[in-house]
Amino acid sequence: MCRISGIISSSFPIHQIQDFVTDMCNCMRHGGPDDGGTFCDESANMVLGNRRLSLVDLSQAGHQPMNYLDRYTITYNGEIYNYNVLRNELIASGHIFNSHTDTEVVLAAFAQWNVQAFEKFNGMFAFALWDKKEKELYLVRDAAGMKPLYYSLANNGVAFASEIRALKKIPFLQKENKNWPVYLLAYGHIPEPVTTLESVLPLRKGCFLKFNLQSGISILQSYKHYSFTESNSYASEPAETLKNLMKESVERHLEADASIGVFLSGGLDSAIIASVASQSGKSKIQTLSLYFDEAAFSEKKYQDLLIHKIKSDSFQHLLLQSEFQDSFSNIIDDMDMPCSDGINTWFISKYAKEKGMKAVLSGIGADELFGGYPSFSRMEFARLLQKFPAILDLKKKSNKKQLNRLAYLKMNGIKGIYLFLRGHFTPYETARQLDASESEIWNILNDLPVMGDVKDLSFKNQASWMEMNLYMQNQLLRDADVMGMIHSVEIRVPFLDNEMIRFATGLNSEEKYKGNKRKQFLIESFESILPREIWDRPKMGFSFPFSKWLAKNNYVSDLMDDGKKITQLNYNKFCAGELHWSHMMSLILLKNKGIV
């Protein structure tokens, strides 16, 4: 796992490009503390940079950027979980390897199959690959969007990096996107394809960008995507199929030459992963957990139940309000782009690093694939409301946030549904915060492109698509990457293994979402290996006593004491319990940037 960057451009001398890329790598050192390097092709005015977090083949044979056949050079961030299978296939085809890294397998696979290689990779990855002979640069991102890659086509070339903060090191890319605060207030995060920089885009998941130096032409092309088929391919023994796939996925995700653990919250998803990992036949697994003095938020009793059952080497950390107070300003600084969540991931990743772990397994993806959110039961009603816009013209200042968010259903398609179900501030509220007109806010939000046509799917599969492509993509996976890597910890997600996604999106809705309990199919598939108390309980999520802690946070109170009437009104509403902590977080982030 690494951090990558690079520039190819005819607008700057090579020494200046080298300086830019070096600065980009240095500011992402947290994501690759083990090694670093650059590759320069003066004939192309191109430099590739890498910071390495070594997990597979820890030797210098894994140094990057890596060259292959004196033609292909790669700077690579990620893990290919089926790399050994591909490596054996490539050896049979005559390829010779100088390391045991998955990085070299990616290079050999491209040499063998060209762009057809990308769809063969089962893993999370983002990489840049330079073909010296064809003078072509490829930027590639995994099909589930687990690893980020940002790029710009400004100044007669391509600039790219794993983090927005790195691209801010380039003078011609520093101009901010003036609309990002609108998206943050509406969504609680900045949704793709928006970034905080005007000329920078995220590479779409399952896509590659090819830039030809001689023609100056760039082509964005999809190589893989997941679609809901409900093909009934798994009609016989679907639960048994799921158990086998989960076992294989967890075993693949446990492959590493460095210390690896499992996040254990006390909920169903992490319990499944930890239980399956404990049966993998590998050495005794390590689990990491956070718990709190505040009983309403602490899941320690559930963590203890599972730890006792699977007999793991457990590390449990009591997170106190004082530690939150001391860390809060650092957490905000560590965000690559503003997001109202991710603080929990910051703490658990910090704890993993303190325990010497370089990688951890997380349960992200289970809720999205198997119906773990309220949206799965609310989608049909939301779709019905969307057909009758006349009923949506309600008071803009209702005390009920659900009523206020009805306004979002005026937006066509899944975007309006998402903001109705999960949105933070309405356009009216956002306009007040930003001192803008409501029509201006509506225009900005309507301009956001959301790729995908879901109207022919079952209502619950529509919810699944929405949660995977909007919430999970833009918030959970981004938080996992940024907050994990800021502590030099890779977060792996077995539920988003290629075979797991293919299974879940191909399973019939009636089977996948059966019963009255959320994720009942998942529960029934694994209940024999879990304590009943784990699966027969209300869902809590992975949260903190945020409302109490933020209200008593000195950094926050000082920040909100700016003399502005609307700032004081927001803070008073929050302290009175009338404003959710995640909404307050968005305002804190904007106030920290001097925007509101």
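Which residue in β9 is the bridge partner of Y150? I will come back to that in a moment, once we have looked at the chain as a whole, and please keep in mind throughout that what you see above is a predicted model.

Let me begin with the overall picture. The protein chain has 25 helices and 17 strands, and its C-alpha atoms fill a box of roughly 65 × 55 × 50 Å along the principal axes. Of the 596 residues, 60% count as buried, and among contacts with a separation of 6 or more, 72% are between residues 24 or more positions apart. The accessible surface comes to about 23,400 Å², and 47% of that surface belongs to carbon and sulfur atoms. As for charge, there are 67 positive and 68 negative side chains, and the centres of these two sets lie 4 Å apart.

Now to the opening question. The bridge partner of Y150 in β9 is A161, and this pair belongs to an antiparallel pairing in which three bridges join strand β8, residues 150-152, to strand β9, residues 157-161. Both strands are part of an open sheet of six, with antiparallel pairing, whose order reads β2-β3-β1-β9-β8-β10. At the edges of that sheet stand β2 (35-41) and β10 (201-202), and each has a single partner strand, so one side of each is left without a neighbour in the sheet.

Next, I would like to turn to strand β7, residues 136-141, where six of the six residues are buried, so the strand is largely enclosed by the rest of the structure. In a regular strand the side chains alternate between the two faces of the sheet. In β7 both faces are covered, with E136, Y138 and V140 buried on one side and L137, L139 and R141 buried on the other. Strand β6, residues 123-131, pairs with β7 in the antiparallel sense over six bridges, and within this pairing A128 stands opposite L139. The two strands form a hairpin with four residues between them, and K135, in the turn, has a positive phi of about 55°. β7 also pairs with strand β11, residues 207-212, again in the antiparallel sense, over five bridges, and here L137 stands opposite F211.

And which way do the strands around β14 run, parallel or antiparallel? Two bridges join β13, residues 260-263, to β14, and these strands run parallel, while six bridges join β14 to β15, residues 313-318, and these run parallel as well.

Finally, a helix. Helix α18, residues 498-506, is mostly covered, with seven of its nine residues buried, and among those buried are M500, I501 and F503. The buried residues of α18 pack against α6 (238-253), α11 (366-370), α17 (459-485), α19 (509-512) and α20 (520-526).

Notes
Residues are numbered from 1 along each chain as its sequence is written. This is a predicted model: local features need pLDDT of at least 70, side-chain atom pairs count only at pLDDT 80 or more; totals for chains, interfaces and linings use all residues. Side-chain values use heavy atoms; hydrogens and water are left out. Buried means under 20% relative accessible area, exposed over 50%, partly exposed in between (1.4 Å probe, protein chains only). Contact means heavy atoms within 4.5 Å. Accessible areas come from the Shrake-Rupley method with a 1.4 Å probe; for residues, only the protein chains shown count as cover. Lys and Arg count as positive and Asp and Glu as negative; His and the chain ends are not counted. The place of a charge is taken as NZ of Lys, CZ of Arg, CG of Asp or CD of Glu. Two strands pair if DSSP finds at least two bridges between them.
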